[in-house]
Amino acid sequence: MFTTVLVPTDGSPGAEVAIAHATELGWTYDASVHALYVIDTGTEPAALDADEREEFYAPSERRGREATIRVTDRAEERELNAAREVREGIPHREVLEYVDEQDVDLIVMGTHGHTGAERARLGSTTERVVMLSDVPVLSIRLPEGTEEPDRDVGPYENVVIPTDGSDAAERAAEAALDIAEKYDAAVHTVYVLDTTIYDLEDVPRSIIGSLKEGGDNATETIADMARERDLPVTTDRRRGVPTDELLDYIDDVDAALVAMGTRGRTVGSGRLLGSTTARVVRRSTVPVLTVS
């Protein structure tokens with residue numbers, strides 16, 4: 001399914017985690033691994049002449065070369081084809097352009113956890129790539145501060161697929177099930193009845209019953225897809241705040257990978273699933289595969 005894996009990197013020590021996942025999947029799929037470092041010209045001072053501009057960006061050029069070489073070295077250690085490039089521009093735009101130019105079919109990116117007001121959004125580049133990419137994006141939570149990055153990525157033994165019954169959720173399921181089949185993983189699919197939308201005390205039982213039935217049908221559809229691949233599968237239905245319930249569920253089943261659609265809608269409402277997906281990406285301690 002994946003033939004070309006792209007790792008946009010910022011050169012930080014924590015990026016080793018994203019590199020580890022990219023090379024693991026590259027090895028599993030016998031895919032080539034590409035490294036990209038984008039020098040952000042959006043913060044360029046005004047009125048620089050050519051010499052001043054070259055001097056201004058020289059440290060970033062060096063950092064970019066070192067960061068991309070780190071990725072290709074790791075790929076070549078696993079005998080994978082590798083390529084690297086340093087570009088200038090607006091980071092998320094350059095990432096998406098590179099994807100189109102090189103026929104990339106999986107992006108592996110790191111995300112940074114934040115506290116306080118910064119929790120309101122992902123790092124801007126990762127957020128934009130996740131929401132705008134036409135190819136799957138695997139978001140990896142990077143370690144903070146002096147925390148030592150873990151370079152050892154084990155097999156993805158438990159894969160969680162939340163669903164709302166949307167086409168986007170099913171596309172995410174297809175990608176996740178392909179990975180699960182490669183690793184002979186157990187699949188866990190779950191639907192959350194969103195109590196932030198429905199005050200269950202006041203909603204007629206017929207509507208609650210319809211929502212439950214819709215959720216059960218959605219999880220059973222993905223369960224059938226897993227059974228067709230001879231994968232072990234469980235289904236579950238929960239109620240509460242979707243992000244909180246999903247994160248608890250991920251812990252409960254000891255998930256190694258989560259797969260979610262980015263443009264789905266919750267069963268029985270017009271509310272975008274994307275906001276829940278973004279929150280899970282931001283808060284999950286395990287990799288999240290997003291599919292549009």
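Reader: Is strand E5 of this model largely enclosed or exposed?
Author: Happy to start there: this is a predicted model, where local features need pLDDT of at least 70, side-chain atom pairs count only at pLDDT 80 or more, and totals for chains, interfaces and linings use all residues. Residues are numbered from 1 along each chain as its sequence is written, and side-chain values use heavy atoms, with hydrogens and water left out. Strands are DSSP runs of E with at least two residues, helices runs of H or I with at least four, numbered from the N terminus. Five of the six residues of E5 (residues 137-142) are buried (under 20% relative accessible area, against over 50% for exposed and in between for partly exposed; 1.4 Å probe, protein chains only), so the strand is largely enclosed.

Reader: Which residue in E10 stands opposite Val137?
Author: Strands pair if DSSP finds at least two bridges between them. Opposite Val137 stands Thr290.

Reader: Which residues does Ser12 touch beyond four places away in sequence?
Author: Ser12 sits in the loop between strand E1 (4-8) and helix H1 (15-29). Its relative accessible area is 12%, so Ser12 is buried. Counting contacts as heavy atoms within 4.5 Å, Ser12 touches Arg63 and Arg70.
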